[in-house]
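This briefing concerns a metal site and a charged contact. Please consult the sequence and the structure shown here before reading the points below.

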Amino acid sequence: MQKKIKLIAVAVLSAVGLSASFAQTDSHEPLLTVKEIMNGLITPTTATIWGAYQLESDAQWQEIRNAALSVIAAGNLLQLGGSGEGESAMAAEADWRSYNQLMIDAARQVIAATNSKDEEALSAAGNDALYPPCESCHQQYQAR
Ligand code: HEC
């Protein structure tokens, strides 16, 4: 009897261990394609940032800040590339990483501008810092 319980315990424990290790592997795999990240996250959030104009209330500034946080989250995902074919390999390239990092840095500049509620700094960050890495990355990778 004692032995049987022990056996069951061992079986349960190893099943738990097994599923935990599967879960861990899965969590590092991209779940979205690059196109889904672009259309679902990057496009709407950058539209919010680029469309910012005459911000007055705290809530309006907060919305821009949230959009910039989402760009950083998307950049975080793009470090893995995407779930599409060849997209992980693409993301391992130095150029990809550098364009992606420039986009993340630009989003941080946007956040800094929202902290000081400086609309001039916001539009400079949007136009001079956030836009160029989109162009560079697309020129090199979009047609692949
Ligand atoms: C690190 C690389 C990289 C950066 C940075 C990047 N993109 Fe992209 N983007 C891509 C790739 C690759 C595609 C092509 C995806 C495909 O067609 O499968 C793409 C496609 C797109 C598309 C077209 C989606 C479609 O339906 O075909 C839009 C819109 C887009 N990106 C917007 C942006 C904007 C805006 C930025 C900058 C804020 C940006 N991207 C920054 C890599 C990047």
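His138 is partly exposed, at 32% relative accessibility, in a model that is predicted. This residue is one of the protein donors of the iron atom of the ligand, the other being Met38. The structure also holds one salt bridge, according to a search of the whole of it.

**Iron site**
- The iron atom of the ligand receives the SD atom of Met38 and the NE2 atom of His138 as its protein donors, at 2.0 to 2.3 Å.
- These two residues link distant parts of the chain, 100 residues apart: Met38 belongs to helix α2 (residues 34-50), and His138 to helix α6.
- The site has six donor atoms, and its geometry is octahedral, with angles of 85 to 177° among them.
- Met38 has a relative accessible area of 22% and is partly exposed; this value lies above the limit of 20% under which a residue counts as buried.

**Salt bridge**
- Lys117 and Asp58 form a salt bridge through their side chains, with an N to O distance of 2.4 Å.
- This pair likewise links distant parts of the chain, as Lys117 lies in the loop between α5 (94-115) and α6 (119-141) while Asp58 lies in helix α3 (residues 58-78), 59 residues apart.
- Side chains of opposite charge can pair when their charged atoms come close.
- Asp58 is exposed, its relative accessible area being 53%, whereas Lys117 is partly exposed, at 42%.
- The value for Asp58 falls in the exposed class because that class begins over 50%.

Definitions and conventions
Residues numbered from 1 in each chain as written. Predicted model: local features only at pLDDT ≥ 70, side-chain atom pairs only at ≥ 80, totals over all residues. Heavy atoms only, no water. Salt bridge = Lys/Arg side-chain N within 4 Å of Asp/Glu carboxyl O. Helix = DSSP H or I, 4+ residues; strand = E, 2+ residues; numbered from the N terminus. Buried < 20%, exposed > 50% of the residue type's maximum accessible area, 1.4 Å probe, protein only. Donors = N, O, S within 2.8 Å, 3.2 Å for Na, K, Ca; no water. Tetrahedral: all angles 85-135°; square planar, octahedral: opposite > 155°, others 65-115°.
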